[in-house]
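I opened the model to look up a handful of local features and the contact between its chains. My entries follow in the order in which I made them.

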Amino acid sequence: MVDAYRLRSPLAHLGLEARAHEDSELSGTGVVMREIPYRGLINIRGDVKDKNFVDAVQKAVKLSPPVDPNTVSGKPTTTRIMWLGPDEWLVITKPEGAERAMNALWKNLKVDGLHASVTDSTHARTCIEISGPRAREVLQKGCALDLHPSKFAPGQCAQTIVSKVGVMLIHTATARNGDPTYELYALRSFSTYLWTWLEDASQEFGLKVG
Amino acid sequence: MFLITCPFCGEREESEFSYGHEAHIARPENPEKLSDAEWADYLFMRKNTKGVHLERWVHTAGCRRWFNAARNTHTNEILAIYKMGEQPPKEIKAMIEKGKTS
């Protein structure tokens with residue numbers, strides 16, 4: 001892990017905080033975007049049919065790896081586990097919980113006879129959150145996946161392509177008025193491109209930085 | 001849009017996948033006992049089928065898992081998807097034997 005005082009988010013050079021300050025009134029706009037940097041991203045692999053593996057993950061982060069494809073377990077406000085493949089998951093934590101989760105997973109999965117792996121990829125990606133009534137239309141401009149809530153409901157995720165960038169996409173929630181919130185986890189070297197592409201694609205709907 | 005059904009993730013767009021060429025080509029057990037011609041046959045010689053072709057695909061932008069597909073190379077129709085290590089469905093085998101294409 002990088003020392004906290006040396007951390008610099010991949011989108012820091014875009015001055016998003018200052019823009020968020022200017023755009024303080026977010027209601028009535030088509031799209032709201034923000035960067036959520038430094039979240040803990042821990043890749044785990046193992047056999048979900050092996051009770052010891054599931055128990056060890058459960059013990060470490062108080063959550064079971066989801067068995068259903070393209071789903072996320074846990075709440076967006078705390079720790080989540082995202083399905084990446086039949087034997088692969090991503091544990092997403094709050095920034096301050098990353099180190100503890102990493103240590104707990106490492107300790108619990110390092111058991112004789114248990115075939116598993118834990119890899120910290122926290123600093124590999126950053127999270128761009130996009131929400132608002134037109135957020136889906138913006139994503140749909142660059143993503144071939146059907147994002148209609150009947151096909152891609154809250155709690156569902158996908159590894160897919162948004163405007164040529166490979167992303168981990170999560171539909172985190174739907175507001176009461178039906179407005180969706182999505183999270184895109186893109187590799188940090190792609191994040192400036194992805195942000196500026198999303199910003200360009202949002203122009204016609206009205207974009208504010210949250 | 002050309003959709004391919006990943007056996008793990010479900011229906012996805014073709015651009016998420018990469019092609020892995022002909023399937024079911026086993027690496028020879030003892031390469032050192034092979035003649036140059038036999039080794040070249042294993043390395044380079046492929047069927048170049050017009051019709052039902054058994055081939056490998058990988059879901060590069062998704063779960064990154066490999067799987068097999070039976071595809072009609074003439075119409076680009078995907079007739080079956082099956083996992084690595086599995087044999088093609090019986091009806092596909094029958095189609096290939098009879099030289100049928102759909």
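Entry 1: I take buried to mean a relative accessible area under 20%, exposed over 50%, and partly exposed in between. The model is a predicted one. I looked up Thr122(A) and found a relative accessibility of 4%, so Thr122(A) counts as buried. Thr122(A) lies in the loop that runs between strand S6 (116–120) and strand S7 (125–131) of chain A. Its side chain makes a polar contact, at 2.6 Å, with the side chain of Asp120(A).

Entry 2: I traced an open sheet of 6 strands in chain A, in the order S8-S9-S10-S7-S1-S11, and the pairing is mixed. Which strands stand at the edges? They are S8 (157–162) and S11 (207–209) of chain A; each has a single partner strand, so one side of each is left without a neighbour in the sheet. Neighbouring strands of this sheet are turned against each other by 30° on average, direction ignored. I then followed S8(A) to its partner: 6 bridges join S8(A) to strand S9 (165–174) of chain A, and the two run antiparallel. One bridge I noted pairs Cys157(A) with Ile170(A) in S9(A).

**Entry 3: chain B on its own.** I counted 2 helices and 6 strands in chain B. Along the sequence they follow the pattern β-β-β-α-β-β-β-α. The C-alpha trace of chain B spans about 45 × 35 × 20 Å along its principal axes. Chain B has 102 residues, and 36% of them count as buried. Of the contacts in chain B with a separation of 6 or more, 46% are between residues 24 or more positions apart.

I looked at backbone angles next. His24(B) has a positive phi, near 60°, and is not a glycine. His24(B) sits in the loop between strand S3 (18–22) and helix H1 (36–44) of chain B, and is partly exposed at 40% relative accessible area. Asn76(B), also not a glycine, has a positive phi of about 65°. Its place is the loop between strand S5 (66–72) and strand S6 (78–83) of chain B, and its relative accessible area of 34% makes it partly exposed.

**Entry 4: the interface.** How many residues does each chain bring to the contact? Chain B brings 13 residues and chain A brings 15 residues. The two chains bury about 1000 Å² between them, 48% of it on carbon and sulfur atoms. Phe8(B), Arg12(B) and Arg65(B) supply 43% of the area that chain B buries against chain A, more than any other three residues. Across this interface I find 3 salt bridges and 9 residue pairs in polar contact.

Glu88(A) belongs to strand S5 (88–93) of chain A and, at 4% relative accessibility, counts as buried. Its side chain meets that of Arg65(B) in a salt bridge at 3.2 Å, N to O. Leaving out residues up to four places away in sequence, Glu88(A) touches several others, among them Trp83(A), Met82(A) and Arg64(B).

**Entry 5: salt bridges elsewhere.** My search of the whole structure gave 15 salt bridges over all chains. Glu204(A) and Lys141(A) form one, with the closest N and O atoms 2.7 Å apart. The two are 63 residues apart: Glu204(A) is in the loop between helix H5 (188–202) and S11 of chain A, and Lys141(A) is in the loop between helix H4 (135–140) and S8 of chain A. Glu204(A) is exposed at 58%, whereas Lys141(A) is partly exposed at 42%.

In chain B, Arg12(B) forms a salt bridge with Glu16(B) at 3.0 Å. Are these residues buried or exposed? Arg12(B) is buried at 3% relative accessibility, and Glu16(B) is buried at 2%. Lys47(B) pairs with Glu22(B) in a salt bridge at 3.5 Å. Lys47(B), in the loop between H1 and strand S4 (52–58) of chain B, is 25 residues from Glu22(B) in strand S3 of chain B. Lys47(B) is exposed at 62%, while Glu22(B) is buried at 12%. Last, I noted that salt bridges with shared partners join Arg45(A), Asp87(A), Glu88(A), Arg64(B) and Arg65(B) into one network.

Technical notes: Residues numbered from 1 in each chain as written. Chains lettered and ligands numbered in written order. Predicted model: local features only at pLDDT ≥ 70, side-chain atom pairs only at ≥ 80, totals over all residues. Heavy atoms only, no water. Pairing = 2+ DSSP bridges. Helix = DSSP H or I, 4+ residues; strand = E, 2+ residues; numbered from the N terminus. Axes fitted to C-alpha atoms, helices over the stretch in contact; angles between N-to-C directions. Buried < 20%, exposed > 50% of the residue type's maximum accessible area, 1.4 Å probe, protein only. Polar contact = N/O pair within 3.5 Å; in protein donor to acceptor, adjacent residues only side chain to side chain. Contact = heavy atoms within 4.5 Å. Buried area = accessible area lost by both parts, 1.4 Å probe. Salt bridge = Lys/Arg side-chain N within 4 Å of Asp/Glu carboxyl O.
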